[in-house]
Amino acid sequence: MSLRQAQRALWRAVRFDPTPDDALDFFDGDARLDASGRLAIYRRMYWLRQVHALDQAFPRLAEQLGEQAFTRLCCSYLRHYPSSHHALEYLGASLPHFIAQRQPELAGLCRLEWAHTLALLAPDAPAKCTASEARPDSFASARFGFAPSLQRVDVDAFALQAFGAGPQPASRPTSIPVVVFRRGFAVRHVALDESEARALDLARGGACVAEVLEDFAADAGGIERAFGLLRGWFARGYICAVEVPGVIE
Amino acid sequence: MKLSPQHGISLKATHYEELLQRNLGPGWAEAITENFLGRGGRPLAVLERVRRDREIILHGVSMSLGGPDPFDPAYFRSLRELRSRIEAAFVGDHLSFGTFDGHFGHDLWPLPRTEEAVRHLAARIRQAQDMLEEQLVIENVSAYVDYAQSRLGEAEFMTLVLQEADAAMLLDVNNVFVSAHNLGFDAWSYIDAIPAERVRYFHLAGHSEMGPLLLDDHGSAVGDATWELYEYAVARIGGRPTIVEWDSNLPALDRLLAESEHACDRANRISAEAAA
């Protein structure tokens, strides 16, 4: 029996209940507890630890579903998506996709909670913002660099309500653009209107300032509003760099 | 670096806010590598704050040194960055595997104690050490089951791996006690057989009873039997920094610090008696 065969046997023992007989053959027990009972300790820890990690990442989803249904969801998810990241906190990466196929009414909440997790886990933004180095006449061609913690998701009113945002007006669209960001150590989210969401998506996609603000030019008061948006992006720490052609950072 | 019997604690998220606010004084602190790798925000701020007062050990749980899958170079790049940033005193992981076919089990599974496993582990540890350009500190794990094909003794297996890989050891005294009970070997003989010169520091933790076995749950104060084994290890190996681990039923930071100071007092007493 090779080392790899032995390792495969342990992997199958923790993943499947009961342990498959051919895997059981690789292990010894004693009069106090047989091999099956001993492997059950590892199996219990494997599932409990990972369900707990998902509970930590999706507390509002867990609350909505209740303990038993949430545990069933997690176990089904883990059977389809075994962890593929060295850090347990990233275990839920595919849960929004998974739940969208099974309980789409909860997919928005799941996306929002996962965006919060990603914002929390992200590295810090570079300390220095280079905006002051940009020449005024090159500003229109500048592009923004965004904080690693910044997340953009589309959710529904139910997701915002679950975060305590209060009842939503009946006229709210079913898809609400949201930005999730970290300020200091705290993660927050803000619902955006369509024009800000479009501008932010353009900017994050690499569009220059002129392209980002183009939509605002045609509206009365649009310029004032456009620069108000940019001021907000800087103030909330969305933007961590301004890349101007010809300026070496 | 002086390896005297100084006290240390493991960093837990529950204590982060307090750790940001206070000066812990000199000593050691152990950070679970994966909780800080590639992170910013509060975890990194805590690590940098604690580093102002204490030596930091980066203790991994996901390197899967005995695993069948190739190492992830990105993991090691991040680890090198973090180690440099905080000037970690030691970097280490476990004598175990925790991955299979690209999937993580987030556990520390034992390996069959065979010559093949020794060669596999030693080669992988050497590879990891080459990538990090640093000697790794390898911890013995708690075990609840043994493989039918195991032929080597627990201490013999660890010693062969350490020697073939030229690695250092983190001796987890509680894990020795728990595994000895569960697998039926003698804990004191294990301490006797370990190469003392390779031991860089000790771990202590509490365990609980689970039916006929002991569970390494880190959920209580260090038990009397583990203290006894710790004193024996200090007498045999010498004083080393000692980290008290506490993961579940986590007490207040002051209680954890008191437990680690108690370990230091015991080690100092044993060292003084040995010197006398």
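**Backbone features and a helix pair**

In this predicted model, Glu133(B) is found in the loop of chain B that runs between helix H4 (115–132) and strand S7 (137–139). The phi angle of Glu133(B) is near 55 degrees, a positive value in a residue other than glycine, and Glu133(B) is exposed, with a relative accessible area of 62%. Most residues other than glycine have a negative phi, and most peptide bonds are trans.

A positive phi, near 50 degrees, is also found for His106(B), again a residue other than glycine. His106(B) is part of strand S6 (residues 103–109) of chain B, and His106(B) is buried, since its relative accessible area of 12% falls under the 20% cut-off.

In chain A, the peptide bond that joins Asp17(A) and Pro18(A) is cis, with omega at about 0 degrees. Pro18(A) has its place in the loop between helix H1 (3–15) and helix H2 (21–24) of chain A.

Further along chain A, helix H9 (residues 194–204) packs with helix H10 (residues 209–217) at an angle of about 160 degrees, and the axes of these helices are 8 Å apart. Because angles over 145 degrees count as roughly antiparallel, H9(A) and H10(A) are roughly antiparallel to each other, and their crossing is right-handed. On the side of H9(A), the contact is made by Ser195(A), Arg198(A), Ala199(A), Leu202(A) and Ala203(A), while H10(A) contributes Glu211(A), Val212(A), Asp215(A) and Phe216(A). The residues of this contact of H9(A) with H10(A) comprise 5 nonpolar, 1 polar and 3 charged.

Terms used: Residues are numbered from 1 along each chain as its sequence is written. Chains are lettered from A and ligands numbered from 1 in the order in which they are written. This is a predicted model: local features need pLDDT of at least 70, side-chain atom pairs count only at pLDDT 80 or more; totals for chains, interfaces and linings use all residues. Side-chain values use heavy atoms; hydrogens and water are left out. Axes are lines fitted to C-alpha atoms, for helices over the stretch in contact, and angles run from 0 to 180 degrees between N-to-C directions. Helices (H or I, at least four residues) and strands (E, at least two) are DSSP runs, numbered from the N terminus. Angles under 35 degrees count as roughly parallel, over 145 as roughly antiparallel, 65 to 115 as roughly perpendicular and the rest as oblique. A crossing is left-handed if the near helix is turned anticlockwise from the far one by less than a right angle, and right-handed if clockwise. Contact means heavy atoms within 4.5 Å. Ala, Val, Leu, Ile, Met, Phe, Trp, Tyr, Cys and Pro count as nonpolar, Asp, Glu, Lys and Arg as charged, and the others, Gly among them, as polar. Buried means under 20% relative accessible area, exposed over 50%, partly exposed in between (1.4 Å probe, protein chains only).
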